[in-house]
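Me: I would like to learn how to read a structure like this one. Can we start at the ligand and work outwards?

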Amino acid sequence: MNRLNGKVALITGAARGIGLAIARRFREEGAEVVLNDLDAKAAEKAAAEIGGHALIADVSDSAAVAQMFEQVATKHGRLDILVNNAGINGFDHRPAYAELFRKRLSAQAMELVMGGPVRTHLDLTVQETDEDWQRILAVHLNGTFFCCRAALKIMNSRLSGSIINMSSIMGTSGAPGTAAYAAAKGGILGFTRSLAREVASRGIRVNAIAPGWIETDLTAFLGKIKSLVAAQTPLGRIGKPDDVAWAAVYLAADESKFLTGQVLSPNGGWHMSQ
Ligand SMILES: NC(=O)c1ccc[n+]([C@@H]2O[C@H](COP(=O)([O-])OP(=O)(O)OC[C@H]3O[C@@H](n4cnc5c(N)ncnc54)[C@H](O)[C@@H]3O)[C@@H](O)[C@H]2O)c1
């Protein structure tokens, strides 16, 4: 308790899922929390529930992000912690694509269970549109850059701060059918390490979290494949948003003051190297 007393934190994509769990834990640890999201109604409800305040902006919109951070500077006069968490899975507005993914992946799993070989082709990247590719990169990669740039304008002069970028195990392990998402999450890891080296002289730390499979709306598209994922996870289950929130508390707090440019990966052992 009280690990984040007196600190101001902004968490993007905090209306639900992992972002909301982080906002809740940060609040419990004494931080003032700003919950960003695209979904105004859900963000305001969440903010009222935990005692934070909501700021609505699309993180992939550079001007909207700049304006949001100006509001933070005006209202709080400081920013100590930024969590770049907002994200999409790329399946959200493409139900037919998601169905194809589920069907073909299940067929491959069945072929493996029967002793192989795998004869079903996933063939999803070949169907990816320019628009979808760019949308996924815009939210994850551009959004992370836009928010870091704007946050540094507040943090730089204070010579302290903790930035936490949400990557994924997909950023290093990859996964079939998720090339754009994995490219964005891998990009976030490179960006994190580079920025960590750049701003260390200002006392600002930049780290990443690369969660494994976590039970949220983002993974709902998996449907029955979830039980397969749980079975393949050494710790025997899919993660909970709170499993990620505790990693964020650690990276935000002074207990991690000697960590920068690092990746924490709460993943139940599904992936053992980041
Ligand atoms: N759930 C998992 O298994 C998992 C695993 C690894 C990494 N992640 C990453 O964790 C982060 C949070 O995921 P989640 O599972 O909680 O997802 P979620 O879908 O439950 O929540 C994502 C939130 O981000 C918001 N959002 C989406 N686009 C936005 C934008 N352009 N601007 C502002 N807000 C936006 C949504 O409205 C939503 O509230 C994402 O970056 C995701 O890629 C999730």
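**Ligand and sheet**

Reply: In this predicted model, a polar side-chain atom of Thr216 is 2.5 Å from an oxygen atom of the ligand. Taken alone, the ligand exposes 830 Å², of which the protein buries 95%.

Me: Which residues come nearest to the ligand?

Reply: There are 30 residues around the ligand, and Asp37, Asn85, Tyr181, Ile214 and Thr216 come nearest.

Me: How far is the polar side-chain atom of Asp37 from an oxygen atom of the ligand?

Reply: That distance is 2.6 Å. For Lys185, an N or O atom of the side chain lies 3.0 Å from a ligand oxygen atom.

Me: Now the sheet. How do strands of a sheet pair?

Reply: Strands pair through backbone hydrogen bonds, in either a parallel or an antiparallel way. Here 7 strands make an open sheet with parallel pairing, in the order β3-β2-β1-β4-β5-β6-β7. Its edge strands, β3 (53-56) and β7 (263-264), each pair on one side only.

Me: How many bridges join β1 to β2?

Reply: Strand β1 (residues 8-11) and strand β2 (residues 32-37) run parallel and are joined by 4 bridges. As one example of partners, Ala9 is bridged to Val33 in β2.

Me: Which strands does helix α1 lie across?

Reply: Helix α1 (residues 17-28) lies across β1, β2, β4 (81-84) and β5 (161-166), and runs at about 170 degrees to β2.

Me: And which strands does helix α9 lie across?

Reply: Helix α9 (residues 241-252) lies across β4, β5, β6 (204-209) and β7, at about 165 degrees to β6.

How values were computed:
Residues numbered from 1 in each chain as written. Predicted model: local features only at pLDDT ≥ 70, side-chain atom pairs only at ≥ 80, totals over all residues. Heavy atoms only, no water. Pairing = 2+ DSSP bridges. Helix = DSSP H or I, 4+ residues; strand = E, 2+ residues; numbered from the N terminus. Contact = heavy atoms within 4.5 Å. Axes fitted to C-alpha atoms, helices over the stretch in contact; angles between N-to-C directions. Near = heavy atom within 4 Å. Polar contact = N/O pair within 3.5 Å; in protein donor to acceptor, adjacent residues only side chain to side chain. Areas by Shrake-Rupley, 256 points an atom, 1.4 Å probe, with all protein chains shown as cover.
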